[in-house]
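Open the model in your viewer and keep the selection panel at hand.

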Amino acid sequence: MKEKTTGALADFGASDLASAGGKGANLGELVRGGLPVPAGFVVTTGAYAAMLEESGLAAELARLLEAGAAGAMIRALFTAAALPEHICADIAAAYAALGSGPVAVRSSATAEDLPGAAFAGQQDTYLNVVGEAAVLGAVVDCWASLWTDRAIAYRQRQGIDPRQVAIAVVVQEMVPADTAGVMFSANPVTGERGEIVIDSSPGLGEAVVSGRVTPEHYVLDASGRTRAFTAGGHEVVIRAGAGGGTEDSPGMASSSPGLSSGQLAELARLALRVQDHFGRPQDMEWALAGGRVFLLQARPMTALPPQPLRLNRFQRLVGPFFVEMFQERPYPLDVSGWMQRGILAMLHGMAGSVGVVFPPVEKLLPEEDGVVIRLVPPVPRPTLRTLGAPVSVARRVRRYNPARWTQDNRFTAFLENVGRLGEQDPRSLPWQGVIGLVEDAFATMRGITELRISYLPGAFVPQLKLRLMLLLLGRRNLASALIAGAETRTSQANKALEALGDRVLSDAALARAFTGLAPGELLARLEHGQEFEDFHSAFKAFLAEYGHRETVSVVLSSAPTWSDAPEVVLGLITSMMGDRRPAADQTGGALADVLKHPAMRLAAVRRHLLTAVEAAKAGMAFREDSHFYATMVLPPLRRALLDLGRRLCEAGVLANPMEVNHLRLEELSSMLDGGSLPPAEREQYRSLVLARAAKRKELEGIPLLEPTALFTRVRRTPGVLVSGMPASRGQATGMVRIIRGPEEFGLLRSGEILVCPYTNPSWTPLFQRAAAVVVDAGGIGSHAAIVAREYGIPAVMGTGYGTTSLVDGQSVMVDGSLGRVTAVVVGTAP
C-alpha cells in the first residue's frame, strides 16, 4: 500500500521538518498555536521522493549532480517526467477538500526557513493557481525550483550537501489581499528587540517581497505604537487575476499611512505571539483582506544583530582594548579551549590576585545557537579581598623585579614544558592521548599566568610612580615617550626581519622574486627551488625562533601562527624592502626635555626620576616578552587540535580538519575515539558542525561590537576626516593605505599612512615604512601605540571608523598629538 503523500497543515509541526519542509513545519506550528493562517495542505517530501524513484529520475539526478550539471538540465528532467498516478490522486483529493478554489502553491524545502539559513526566495511560489491541472503543474514546478542556479549556489555557500536536500510543497487558500507585506518581530537593522518593523503596500505581498515597490515602512514599539513612518512609493499594485495568476496595475502615490493604528496594533500583537511561540525573533509575511489579518508564513530572522549595547563609562574606556583582541569572531573551540583555559584564565588569575572578580566567558562573549554573537566589554567586580590588595601588590613589587623575571625558576620550567610539548607527535597518540596533550598545553600556560601574577605589579607600579612625578613636574604628556624603546623579543624579531630584508636587497634575483611574485608563489619557489638556498635557510631559522607569533590575535587558537602562514612573514619582508625608518629616540628627546626642569638640579630628584624611567621600561618589556613567550604554547596546541580534526575528517564527521573549531573542547573530550564514532553520534556531530557553520556565516557582516557603542562619528572640527585617541606625537602627511589583515602586509609602501582595523605584535615591522598609523581599535597602551612611539611616527588609536571613512590613495595629514586625520589638497602645503 502506498504511503499517503499529503496532509493538512495542522498535521505537521516543528518536529516534521523532514516531511513538511521548513515552511510547512512552521505554518503547521502556527495553525496548532491558533494563529490566523489560511487553510491548506502539504505535499510531503515523501511525494517528491516517490516521484524520483517511480519515474526513474533518481538515478539520472544523481548522475547529473556528480557531473556538476547546470540547474537548467536538472529542471528539464522534472518538466519531462510523468507524475505517478497515486500522487496525482492524493493532491487532487486534498485540493478538492480545500474547496477547489484559487490557491497559493509555495515551495517548502527541508533546508529553508531555518536558523542561520532562511533560503528566502531561493525556491518558487505560484499565486492564484486555479484548477486541479494547474495545481499539479505548480507542484512539479516547485519541485524543479529546488534546482535553480540560485538555490544550488545558496546551498553551496551554506555547506549543504545537494544529495541530502528534499522538498515539500504547501498549498493554501489564496488570500485576495487589500494590503500585504512583511513584518519583523525585532528591528533587522539595529537588532533592537523592543521594536517591530512592518513593510506594506496595497495588493498582494509579492510586490514587497520581490522588491518591485518601495513599501510603506513602520517602526513600532512593542505595544504597536508608531515610532517612525516612511511613506511608500506605491509604484505598482499586484492583484489576483480573474482567471488565475496575477495582474499588475499602477499604484497611487500617497504620503499618508495605509494602515490604521488599530491594524498596526493587531499586527504587533501577532508578531509577538509568533515570536513567543517559536522562542526567537521571526520574519513573517502577512495579508489584510476583508478586515481580517492572515499570516502567510513565518521563519526565524537571520543575520539579526544582537540587541544594541548601552555601555557604561568604564566599558567605553576598556572597550577599544578588547575590540583590538577580538577582530575576528572566536570559534566554539577558541572560547572553550585556549581562551577559557589559557588567556582568560590568566586574566581571572591576575584579577583575583587583587581581589577582583573578572566576568565569566559567557558574559564577555555571549552565544546563540552555540556561536559567539557579540563582545561585551567586561566590568570587573571588586570584593572584600580588594581591601588587602595594596599590601599584596606592595609585597610583590618588593619581591619580584620585572628586569630579572627570566631568571625565575618558574620561567625555566615553562620553557622545559614547552620543549616537551613540542617533542610530542599527536599522530602517534590515541584520541584521549591527544586530549591529554591539549590539557598539558593549558597546564604549561599556567606557568606564564603565575609569572604575570607575580611580576605585573612591579611592571605597573613604577609607571604610576613615573606618571605622578611627571604630573608634579608639569610634564605628564611625556610619560609614554619616556618608556618607549625598551628592548623586547618583539623588537628583536623586527631587527631579524630587517636582516632578512637586507639579504633580499643584496641579491638582485631574489629581490625580483620578492617584488614579482605573490607571497604564496614565492614560498613555493623557496621551498622547492635551489637558487635561494641560503636565504631559505635563514628564513627557516627565523621561523624556528619567532614562528610561534600569532597572525591575528593572541586569543585565537584557530588562527594560524607565523610558522603556519609563512607567506605572511614574506609579505612583511616585502613591505620592508626599500626605505626603512630607523627607530627614533623618543625616550632621549623626552628625557632631555624633562631634565631641563629646575627640580632636576636636585640630585635625589634626578636619581628618582631616572630610576623610575628604567623600572617602567623594564615593566613594559616584561609585558611584551611574557606575551611573546605565552604564544609558544600555540604551535603544539594547534597541532593537537588539528590532529583531532584530521581524525574526525577521516571518520566523515568533518569536511576538513579546520572544522574542528566549530566543536567545543568538552565535546571533543567526551568522545572516547572521534575516529570511530557510532553512526548516530557521527551524524549528530556533523549536523552540529553544519548548524554552527551556518550561524557563523549568517553573522559574517555583523561586528562583535558596533563601533557606535564605543565611538561617536561626529567630526570635531571642519575638515577632520577621522578622530580618535592621541597615541604618538607628531604630524605626518602621506597617502592612505588600508591594510585589513596579515595577508595584505606586502601592499604597504614606504611613506604611506597605515590605516588598519587592529594591530598585534606581528604588525609592528610595518611601522618602519609607515609615515603614520591610524587604527580603528586600541588605546595608548596597545602594541601599535607603543611601537609607533618607538619609531617616532604619529599614531591615532580608537578611531572606530578609520578603515571605512578613509580610502586607499587619499592624501591626508595625521596629527598624533591631537588625535585627528585631516584631508590634504594635493599640491598645497598641509
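**Whole protein**

Show the surface first: the protein exposes about 34700 Å², and carbon and sulfur atoms supply 55% of that area. Keep in mind that this is a predicted model. Switch to C-alpha atoms and orient along the principal axes; these atoms fill a box of roughly 105 × 65 × 60 Å. In cartoon view there are 29 helices and 25 strands. Of the 830 residues in the protein, 54% are buried. Among contacts with a separation of 6 or more, 70% are between residues 24 or more positions apart.

**Helix 1 and helix 9**

Select residues 17-32, which are helix 1, and residues 261-278, which are helix 9. Two packed helices are described by the angle between their axes and the distance between the axes. Here the axes come within 11 Å and cross at roughly 110°. Angles of 65 to 115 degrees count as roughly perpendicular, so helix 1 is roughly perpendicular to helix 9. Now show side chains at the contact: helix 1 contributes Asn26, Glu29 and Leu30, and helix 9 contributes Val274, His277 and Phe278. Coloured by class, this contact has 3 nonpolar, 2 polar and 1 charged residues.

**Strands 12 and 13**

Next, select residues 282-289 for strand 12 and residues 292-300 for strand 13. The two strands pair in the antiparallel sense over 8 bridges. Gln282 stands opposite Pro300, a residue of strand 13. Move to the turn: strand 12 and strand 13 form a hairpin with 2 residues between them, and Gly290 in this turn has a positive phi of about 60°.

**Thr444**

Finally, select residues 431-473, which form helix 15, and pick out Thr444 within them. Thr444 has a relative accessible area of 6%. The cut-off for buried is under 20%, so Thr444 counts as buried.

Which residues does Thr444 touch, leaving aside its neighbours within four places in sequence? Display Phe414, Asn417, Val418, Leu421 and Val633; Thr444 is in contact with each of them.

Definitions and conventions
Residues are numbered from 1 along each chain as its sequence is written. This is a predicted model: local features need pLDDT of at least 70, side-chain atom pairs count only at pLDDT 80 or more; totals for chains, interfaces and linings use all residues. Side-chain values use heavy atoms; hydrogens and water are left out. Helices (H or I, at least four residues) and strands (E, at least two) are DSSP runs, numbered from the N terminus. Buried means under 20% relative accessible area, exposed over 50%, partly exposed in between (1.4 Å probe, protein chains only). Contact means heavy atoms within 4.5 Å. Axes are lines fitted to C-alpha atoms, for helices over the stretch in contact, and angles run from 0 to 180 degrees between N-to-C directions. Angles under 35 degrees count as roughly parallel, over 145 as roughly antiparallel, 65 to 115 as roughly perpendicular and the rest as oblique. Ala, Val, Leu, Ile, Met, Phe, Trp, Tyr, Cys and Pro count as nonpolar, Asp, Glu, Lys and Arg as charged, and the others, Gly among them, as polar. Accessible areas come from the Shrake-Rupley method with a 1.4 Å probe; for residues, only the protein chains shown count as cover. Two strands pair if DSSP finds at least two bridges between them.
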